[in-house]
Amino acid sequence: MTSSPPPSSSEPSLRARINLVWLLRLRWGVLMGQAVLVAVAAWGLKLVLPVPALVALLGLEAVTNAAVRAGLARARPVAEAAIFGLMLWDTLVLTGLLALSGGTHNPFTTLYLVNVALGTVLLPPRRTWAMLGFTLLAFGSLFVLQDVTLPGLERPDHAELMRLHLSGMWVAFAVAAGFIVYFIQRVTRALTLREQELEQTRARHERQEKVASLATLAAGAAHELSTPLSTIAVVAKELERALAASQTSESVREDLRLIRQQVDRCRDVLVQMSADAGQTTGEPFQPIPLERLVEETLSELSGRERVKVDVPEALKAHPVHGPPRALARVLRGLVKNALQATPMGRGVELRVLPQGTGARLEVRDEGQGMPEAVLQRAGEPFFTTKAPGEGMGLGLFLARSLAEQLGGALELRSKAGEGTTASLSLPGADAKEAAA
């Protein structure tokens, strides 16, 4: 029985990093919007504003953004406290901008809601409530700050302030709502993608645990059963000799030979299962040219004369990365499946195609194909539609596990009556070395 790996201690930091990346993008958008609004108010609407002070606050915000971006580039761990502090700073800067441009009469006080909404998404409950309390205090301070006379600032009369306030409410609402919807959608999408990646990692971990369990089971079975199978084989041989000397009928001796053959087959099955399940154990990963991989795949394959191989000249020396014997064994299993599914007299096609820095190896048969219900289960351990003795349902499972372990994939395409195509995608040696 397998279990999912415990959440990594780095997962909260990764989540905080995703949040901070999108918060930083939003801050640049807000900064540009604020700069445009200041320009429109000062030069478009001809309002008397302390432009140097407003520009200084915007410049301070830009410097903060650049510093945060530099911190992210150094790949330092990101804590939720950093996001909380940054959002408090944004609230202070917004308060300063509003205090210098109309105070509570400024319709863009709606932007306070942006930080409150983002805090709900990005911060834990305790910090979210703290963010709300700080925002309320900051908003309340505008009632005091707007009564402070700033040198050189002439405020419009009440009627003019109300006119500007009402005409700006729609714009302020549109800006605030737009930022909230955009940011929350993008952050939610990024976090969803991250959750999917984690789920895929857990699934791969479970499959690798199953492979390890299969290897242990097969090795144990081979060890435990080797002695009784050898004993049966020796006794059967002695009985055959004794019966031959006593002139026993040929049919009885034939039955004994059949017993020995089946004992040998049992031993071969155990050895093969043990080798398949533990195929990558102890084998080093190294570059292997595609032409050599195909040759090793077909070297021990019965019926290779029915396999049509198509390896472009440009790809023959192109290397893929992985354990060579395990890759050859996996690919041989796919070709063997195709041969078993294809009626005698017809062939199987093995094609090598370029795919990024790696390659895609396609094995196509001319069999009856698989219905959708079977296709969905193909690749599950011990699931097989073959006749007893022809397979154990491990080939596709091990092929998919090895491909995913290498950073590739196994894809099956099939329709009933139209054959099946198995596509094995493998990374190039250059890509794996670069990733390492």
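This is a predicted model: local features need pLDDT of at least 70, side-chain atom pairs count only at pLDDT 80 or more; totals for chains, interfaces and linings use all residues.
Local features need pLDDT of at least 70 and side-chain atom pairs pLDDT 80 or more, whereas totals for chains, interfaces and linings use all residues. Residues are numbered from 1 along each chain as its sequence is written, and side-chain values use heavy atoms, without hydrogens and water.

V352 is, with L293, L334, V363 and L426, among the residues touching the most other members of the largest nonpolar core, which comprises 39 residues. Such a core is a set of buried Ala, Val, Leu, Ile, Met, Phe, Trp, Tyr and Cys residues joined through side-chain atoms within 4.5 Å, where buried means under 20% relative accessible area, exposed over 50% and partly exposed in between (1.4 Å probe, protein chains only). The elements that each supply at least two residues include α8 (290–299), β4 (348–355) and β7 (420–426); α9 gives the most, with nine. Another core, of 37 residues, lies apart from it and includes F108 and L191.

β6 and β7 form a hairpin with five residues between them, and G417 in the turn has a positive phi of about 85°. The two strands pair in the antiparallel sense over six bridges, and L410 has L424 of β7 as its bridge partner. Pairing requires at least two DSSP bridges; helices (H or I, at least four residues) and strands (E, at least two) are DSSP runs numbered from the N terminus.
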